[in-house]
Amino acid sequence: MSDNEDVRYCHRFSYILLKFLLFAYAIVWWLIGGFILGIGIYAEVERQRYKTLEGVFLAPAIILILLGIIMFIVSLIGVLGSLRDNLTLLKVFMYTLAVCLILELLGGIMALVFRSQTVGLLNKNIRKGIVNYYDDLDFKNIMDFVQKRFECCGGQEFTDWSVNMYHNCSAPGPSSCGVPYTCCITTKPNEVANTMCGYKVMEKERLDLIETIYIRGCTDAFFIWLMDNYKIMAGLLLGILLPQFFGVIASWLYMTRVEDAISEYGHYMDLLTSNENKRVAKRQGHVAKWFMCMPEV
């Protein structure tokens, strides 16, 4: 077997450099996963404390907990695999990252291809959340923020608020046929909106409300914002996908180096545990191979 075949894909990176990069990469995401998991647990505890609804709408706290658990476990596998040079753990780590990356890309492509179905599903879930608007504090805070930030009202349109028992036109209270004050138009920065500004707006014609409330639905407003801020979204997508791609490549390169070490030493642990005499005896035979793995000048 030739020297080039012995070191295979490791022409530019040394074993130590790859080991350090992969360990640092995994430990950073392990800490981030633990942080997200902690935030999710805290948010869920707070949500359960003030919760009056046996949740139908998927709470953000649950999403954070699931995301944190996945990141924590997968990153821990990467940390252990890089520390112990365990090919099984390294393969699990690499394949998991690759599968997540592929699923994210496929999900984005499918959402674009089936845009109308995606919008319909989003509107359906928003209406479900509107039904429980005053009972689900998480959804209420998110919906209020979205309506103020994107200057919109409801999901598909402002009449979506009719599915809420307090805003339905058959309701007896003052909110009947109205919308939350976060749908109201404010003309001055930091102006406090009148909480009853959305009173009986669903009894009026759409054109009569242009100066009173935001008549555009939040789904359309959000997609318009995406179109206007495509550079920001492109940067965000790259920020999500590139670290995963880097992890897959680093894991693959490191696995090839560990496999080279196994072929050279007979067992991957021997690379770190062999005594100094054995290393000195093999020094001259391996120095050339080490330099072949260093960046070319």
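What percentage of the 297 residues of the chain count as buried? The proportion is 35%, where buried means under 20% relative accessible area, exposed over 50%, and partly exposed in between (1.4 Å probe, protein chains only). The model is a predicted one, in which local features need pLDDT of at least 70, side-chain atom pairs count only at pLDDT 80 or more, and totals for chains, interfaces and linings use all residues. Residues are numbered from 1 along each chain as its sequence is written, and side-chain values use heavy atoms, with hydrogens and water left out.

The confidence of the prediction comes next. The mean pLDDT of the chain (the predictor's confidence in each residue, from 0 to 100) is 79, and 79% of the residues score at least 70. Among the elements, helix 4 (residues 87–113) has the highest mean pLDDT, 90, whereas helix 10 (residues 276–292) has the lowest, 44. Two stretches call for caution. Residues 5–12 have a pLDDT below 50, and this stretch makes 26 contacts beyond near neighbours in sequence, a contact being heavy atoms within 4.5 Å. Over residues 270–297 the pLDDT likewise stays under 50, and the model has 43 contacts beyond four places in sequence for them. Where pLDDT is low, the predicted coordinates should not be read in detail.

The secondary structure consists of ten helices and zero strands; helices (H or I, at least four residues) and strands (E, at least two) are DSSP runs, numbered from the N terminus. Of the contacts with a separation of 6 or more, 71% are between residues 24 or more positions apart. The accessible surface of the chain, from the Shrake-Rupley method with a 1.4 Å probe and, for residues, only the protein chains shown counting as cover, is about 18100 Å², and carbon and sulfur atoms account for 67% of this area.

The interior can be described through its nonpolar cores, each a set of buried Ala, Val, Leu, Ile, Met, Phe, Trp, Tyr and Cys residues joined through side-chain atoms within 4.5 Å. The largest has 23 residues, and those with the most contacts inside it are M143, F158, W161, V179 and I213. Helix 5 (115–131), helix 6 (137–149) and helix 7 (218–228) are the elements that give two or more residues to this core, and helix 6 gives the most, with three residues. F158 touches, beyond residues up to four places away in sequence, C153, V179, V201, M202, R206, L209, I213, Y214 and I215. A second, separate core has 18 residues, including Y15, Y25, V79 and V258.

A search of the whole structure finds three disulfides, a disulfide being a pair of cysteine sulfur atoms within 2.5 Å. One of them joins C152 to C218, with an S to S distance of 2.1 Å. Because C152 lies in the loop between helix 6 and helix 7 and C218 in helix 7, this pair ties together parts that are 66 residues apart in sequence. The torsion about its S-S bond is about 90 degrees, so the C152 and C218 disulfide is right-handed. C152 is buried at a relative accessible area of 0%, and C218 is buried at 4%.

Another disulfide joins C153 to C183, at 2.2 Å from S to S. Both C153 and C183 lie in the loop between helix 6 and helix 7, so the pair ties together parts that are 30 residues apart in sequence. The torsion about this S-S bond is about 80 degrees, and the disulfide is therefore right-handed. C153 is buried with a relative accessible area of 0%, and C183 is buried with a relative accessibility of 0%.

A further disulfide joins C169 to C177, with 1.7 Å from S to S. With a torsion of about 100 degrees, the disulfide of C169 and C177 is right-handed. C169 is partly exposed at 43% relative accessibility, whereas C177 is buried at 1%.

H167 is also found in the loop between helix 6 and helix 7, and counts as buried at 2% relative accessibility. Its side chain makes a polar contact with the side chain of Y134 at 2.8 Å; a polar contact is a pair of N or O atoms within 3.5 Å, where within protein one must be able to donate a hydrogen and the other to accept it, and residues adjacent in sequence count only if both atoms are side-chain atoms. A polar atom of the H167 side chain also lies 3.2 Å from the backbone oxygen of S175. Beyond its neighbours within four places in sequence, H167 is in contact with residues including W161, C177, V179 and M202.
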